[in-house]
Amino acid sequence: MTAPAAAYGKALDLITRVRGVRGAMLVSAEDGIVVAEQLMEGIKGPAVAALAASLATRLRRAMEAAGVGASLFWHLQAEHGALLVVPTPAGTLVVAVAEPDVNVGLVRLELLRAAEVVG
Amino acid sequence: MADEIKTLSSQLAQDPDSLVFLRLGELLRQKGQLDTAHRVALTGLERHPHLPDAHDLYARILADKHDYERAFDEWDMALRIAPDHVGALKGLAFLYFKVGDVQQAAAHLEAAQRAAPDDPGVAQALAMARGDGPGATEAGVGASGTEALTAPEPIAPAAQPLEEARVFAGLEGAQEGLLLLDASGRVLGGALKDPSGRNVTEAVAAYLAGVSQEAARTVKLLSLGKWTGLAAEGDFGHVHLAPPTGEALLLVVRDRAVPMGRLAIIAQRAALAARRWLEAHA
């Protein structure tokens, strides 16, 4: 984590302003702890963060083993929404929780921008 | 036409987000400048990935370039976004007719006719497909059109992505980038090789053990219903995970040249075939 704490809010703002995004988090990829969050009421941030970190680890190892390199972006799709994640090189996961009809391409772009902000 | 192309090119240069790329791409296609049309359409599609007309345009260009497999995927995508998209329905009818599946061609044309009852081209093509109308060669079912309904011809096996046998072949072999696992990470079918040709099936399977359960727990926690897929973009390739059944996991791996959206379609089809395969082997 290289950015000052004030930058976290700015990074999360980039994501949550996208229509259809219900919340965003910065999560430590190593231990699944929430670093910063802007979530709608009712979303269990710490639990989601822990599972997202665990999924990210499995996915990263599988992708590296398959020879497709490190994960740059992943998107868990479900019937009523989605979880979208960009891992940063410094070990942070930039996470968005979104409605099913969200513009995935736009959220991806904002997650990548946010990842640059947090480093 | 040349003047219009020039004008539209200028407009697009001034406003790259403009929808004039649709008209420009079509004009270039009609003029036979397929490589330029391809670039225009692809750039437009990148900026407007949810626009069915963009997928339709791209599909027409691909069909003109005889890349029928990708054209099929693009028209299929257009229909997913807009189920009544007449251009996509006509395009798919064109492709079905081309492989000799007149029944499917007619079904798509009937759907097109329901969506656009006043379209004379659809009516003509439908009459031709049913074998009860003359002159349908001018109908232009999809792409460049006129040859579409006159001479159905077999296309290469590679251009038949929906063939179940092909998906099953992938599940049995190592060449398709398909891997079917049970909940414990045991391989049920398929195999994977890394870019150097090394078999990495067991390693990948081991890392993916439990992913299905974790994905299910995550979406349950968020009250998102059932998980339907997990797509990931890597440095050198893309992967898509799908749950063909509650416990099994299907992995599809492709290089970065395959766009994520197209990979999702491939994975959905493979998952469907895998589900049938699992049921047949239960």
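In which sense do strand S3 (residues 71-78) of chain A and S3(B) pair, and over how many bridges? They pair in the antiparallel sense, over seven bridges.

The views below show a predicted model, in which local features need pLDDT of at least 70, side-chain atom pairs count only at pLDDT 80 or more, and totals for chains, interfaces and linings use all residues. Residues are numbered from 1 along each chain as its sequence is written, while chains are lettered from A and ligands numbered from 1 in the order in which they are written.

**View 1. Strand S3 of chain A beside S3(B).**
The two strands form an antiparallel pair with seven bridges. Strands count as paired if DSSP finds at least two bridges between them. Gln77(A) faces Gly229(B), a residue of S3(B). Helices (H or I, at least four residues) and strands (E, at least two) are DSSP runs, numbered from the N terminus.

**View 2. Leu72(A) in strand S3 of chain A.**
Leu72(A) has 16 C-beta neighbours inside 10 Å and therefore counts as partly exposed. A residue is buried if 20 or more other C-beta atoms lie within 10 Å of its own, exposed if 12 or fewer, and partly exposed in between, with C-beta atoms placed from the backbone. Neighbours within four places in sequence aside, Leu72(A) is in contact with Glu233(B), Gly234(B) and Asp235(B). Contact means that the C-beta atoms, placed from the backbone, lie within 7 Å. Thr88(A) is 16 residues from Leu72(A) along the chain, and their C-alpha atoms are separated by 8.1 Å.

**View 3. The side of chain B that touches chain A.**
Here 35 residues of chain B are in contact with 34 residues of chain A. Four elements of chain B each give two or more residues to this side: helix H10 (201-208), helix H11 (211-221), strand S3 (227-234) and strand S4 (237-242). S3(B) supplies the largest share, eight residues. By class, this side of chain B has 21 nonpolar, eight polar and six charged residues. Ala, Val, Leu, Ile, Met, Phe, Trp, Tyr, Cys and Pro count as nonpolar, Asp, Glu, Lys and Arg as charged, and the others, Gly among them, as polar.

**View 4. Helix H2 (residues 45-66) of chain A against H10(B).**
The helix axes come within 8 Å and cross at roughly 175 degrees. Axes are lines fitted to C-alpha atoms, for helices over the stretch in contact, and angles run from 0 to 180 degrees between N-to-C directions. H2(A) and H10(B) are therefore roughly antiparallel, a term for angles over 145 degrees. From H2(A), Arg58(A), Arg61(A), Ala62(A), Ala65(A) and Ala66(A) meet Ala203(B), Val204(B), Tyr207(B) and Leu208(B) of H10(B). This contact has seven nonpolar, no polar and two charged residues.

**View 5. The buried face of H11(B).**
Buried in this helix are Val211(B), Ser212(B), Ala215(B), Thr218(B) and Val219(B). Down the axis of H11(B), the buried residues fall within an arc of 130 degrees, so they line one face. The arc is that of the directions from the helix axis to the C-beta atoms. Ser223(B) follows H11(B) and has a positive phi, near 55 degrees.

**View 6. Ile15(A) in helix H1 (residues 5-16) of chain A.**
Ile15(A) counts as buried because it has 27 C-beta neighbours inside 10 Å. Beyond its neighbours within four places in sequence, Ile15(A) is in contact with residues including Val21(A), Ala96(A), Val107(A) and Leu111(A). Met25(A) is 10 residues from Ile15(A) in sequence and 9.4 Å away, C-alpha to C-alpha.

Note on methods: Two residues are in contact if their C-beta atoms, placed from the backbone, lie within 7 Å. Angles under 35 degrees count as roughly parallel, over 145 as roughly antiparallel, 65 to 115 as roughly perpendicular and the rest as oblique.
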